[in-house]
Amino acid sequence: MPREFQRGHKARISDLTAGTDLYVGVQITAPGLTFDISCFGLDADERLSDDRYFVFFNQPKSPEESIQLLGAQAGDTESFRITLDRIPPQIHKLSFTATLDGAGQMSQINPGYLRIVAGGEEVARYAFNGSEFSSERAVMLGDFYLKDVWRFAAVGQGFDGGLDALLKNFGGEVAEEETPAVPQQPQAGAAAPGFAPPAFGAPSAPAPAPAPAQPQPAAQGFAPPPAPAPAPAPPVHAAPTIVAPLAPPGGGHVPPPAPAPAPYGQPPQQQPYGQGPAPTAPMPPGYGQQPQAPQAPQAPQVPPGYGQPPQPPGYGQQPPFGQVPGVPGQQAYGVPQGAPQGGAGVAAALQQFKETPTGQRWTQQNRKLVRVDLGMGGQPVLARQGSMVLYQGKVDFSYKGAGFAGRIVGNATGQEMQLMRCTGQGQVFLAENSTMLHPIELQGDGICVSAENVLAFDESLQYEVRRIEGHGIPGGALFTMQFTGTGTIVVKTQGTPVVLPVTPTTFADCNAVVAWSSAAQVVVSSQVRMRRNAYPGDTGESVNLQFRGAPGNFIVVQPYEV
Amino acid sequence: MNQPFAGYAPAPVTARMENHGNHMLKVALQTGNDLLARVGSMVAYEGFVQYEPNPPAVRQIARDWMTGEGAPLMKCSGDGLLYLADYGANVVVINLNGDGISVNATNLLAFDAHLTWGVERVKGLAKFAGQGLWNTKISGQGWVALTSRGKPIVVDCGGGEDETYVDPDALVAWSPNLKVKGKRSFKAQSLIGRGSGEAYQMAFSGQGIVVVQPSEDSTDRLRVRG
């Protein structure tokens, strides 16, 4: 589960992940607009003193490649690879920004996010949308900043002026009435002038140099983003932008900047292997104590004990903090030298999987499990036979027959559900085969679901089999279950489904469509082409369902064709 | 070349067992601190690791595990990083720290060899539920990794006065101090093909937790593959 960030939230990166090889993905889109997403590597005064650390499409990596631009992938508009322990010491902050290319303003953007992926999973996500912005043309989305350790902050602060305001913010003085793209570097250590690429053409209004603001002394008091405000325009930062509350809304899980659990704070000693009773000869000298070369790719000496296999270079890819050379008896990996995330013991380890109590009849415990409290509402639940995984309380499970007519219809149409009736007082947990579950609450409206995708529903709902006619369908017609009334139905899908609004051109494979709102009208569109059908190389996509309906109708399609 | 895979590199080791993603377990092995893991669960390793299937001690303890064909455990020893997985099942890592846990045999992925463990048959139930239910009781100071098909749920049994009933196919683990008994919700009408599909449950009572997976697929995939 990624941790959800909101504007103003921040956390140590070591609390998010132990990894230092991070992937940062940004999704920001808007109809008809394009964005330039870049990463500024700033010094201790929050200045872009070295323009080689302005990573953008024209300069896709920093000199030592600790910051690399990877391009669009996996749903992200832009992505970066950040190797924290290779970032040179003069860089104290990485600011991820998005600027509008062309006309437009930030309030037009679609919901987007900035996310951090490490160790194979997403560990943090800061989601934003257009309602948080107004007329800004550039926005600082999030920062990695070094305060004792590397931290991440969700910033979400915009600039009306676009890229030039952004550059001014980072670059200090833009040389007055100079050619736009050559601002001067006020800071020492600037290697090359002109960090603004010509492509960007920043018009550079003369700006009184803001006193280089301190990098916010208090780590916690970060609420207004720590950027040094250009002196003349403080309202830019405060007024229009901040719509969302800076304080975490109640209930949201705030990154607790509290005392980090032991293993995080101080670097775990990484001297791998073979210190123990060491039947394998003297302890490998190479390992984990290459203090000089933090990522010495080949340990120079081969530890004698290990012999055959070529040395894997220091086990945690680079020994990033394993600098403590040879404290004897430090068991390397291994020995539980401290609690894991959030403490030791069975209860602590399983804390994250605890049941979430709510006062509702239907509760989704996680994406694959729902809980129904039969005591509430007092009516029985019909569920697919065998879908109960656990229950508490006095619950009775009994066979629910379809009735004589139901059997006949079921046999004829294939729309038959093997149901059981759950009655009594207590909580029943339902799941089936790790499919994803979606409780849908009906309030007098209707939904059509294929019978095999129904997991459970309130007995108060009415259901009947509907027929979809059309030529070209194997068997002559398609059947589906229509549920109407007031109550909840749990639909299951194999994999993450897509929910499409019904438009004049909405088509779905009849094998993959799971459900649709029953106000939508279904038409079968089959592509009959003599030439196609004459060859064995048929596309296999000959029978499609087309949906028509008023706006507000939707269809649900799963990534699995039964 | 490897850029699209950025973010999937292993994180530096901070503990003996860690998750890599939700579905993979990373174990830092060192000499003298061996690991018992399910046979066939290894997906990758770095370093110098040796595997010994069916070590005699294990065979003795688990001699009639499952169908009695021998224990599906191997002993991993050496120095290195070991990656384990079970067909994409979620992996849950637990630092026991003196606690104990009772794990369904098919849901056990790996545990430290120095832990106290034993195999026992769940009474009263084995005769009815297809494959019979064997569980491994583990306790001590060390690490255990479980698998679960889908994200598991943990239910506290002490919550109500009633017992907690679990479908044996969905059961993953429970606190060993819970009282277990089998329950048959078996009615005459079940015999004529009108059962509810929920014929057997396990009833837990007492103070402790039960871990349940959102799937009733309890087949042992590692074992099926052989």
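## Overview of chain B

In chain B of this predicted model, 80% of the contacts between residues at least 6 apart in sequence join residues at least 24 apart. Chain B contains two helices and 17 strands. Of its 226 residues, 51% count as buried.

## The six-stranded sheet of chain B

Strands of a sheet pair through backbone hydrogen bonds, in either a parallel or an antiparallel arrangement. Chain B has an open sheet of six strands with antiparallel pairing, and the strand order is E9-E10-E7-E14-E17-E12. Strand E9 (116-121) and strand E12 (153-156) of chain B each have a single partner strand, so one side of each is left without a neighbour in the sheet. From one strand to the next, the twist averages 20°.

## The six-stranded sheet of chain A

Chain A also has an open sheet of six strands, here with mixed pairing and the order E1-E10-E9-E3-E7-E6. Its edge strands are strand E1 (3-5) and strand E6 (67-69) of chain A, each of which pairs on one side only. Neighbouring strands of this sheet are turned by 20° against each other on average, direction ignored.

Which strand pairs with E6(A) over three bridges? The partner is strand E7 (residues 78-83) of chain A, and the pairing is antiparallel. In E7(A), Arg81(A) is the bridge partner of Gln68(A).

Methods. Residues are numbered from 1 along each chain as its sequence is written. Chains are lettered from A and ligands numbered from 1 in the order in which they are written. This is a predicted model: local features need pLDDT of at least 70, side-chain atom pairs count only at pLDDT 80 or more; totals for chains, interfaces and linings use all residues. Two strands pair if DSSP finds at least two bridges between them. Helices (H or I, at least four residues) and strands (E, at least two) are DSSP runs, numbered from the N terminus. Axes are lines fitted to C-alpha atoms, for helices over the stretch in contact, and angles run from 0 to 180 degrees between N-to-C directions. A residue is buried if 20 or more other C-beta atoms lie within 10 Å of its own, exposed if 12 or fewer, and partly exposed in between; C-beta atoms are placed from the backbone. Two residues are in contact if their C-beta atoms, placed from the backbone, lie within 7 Å.
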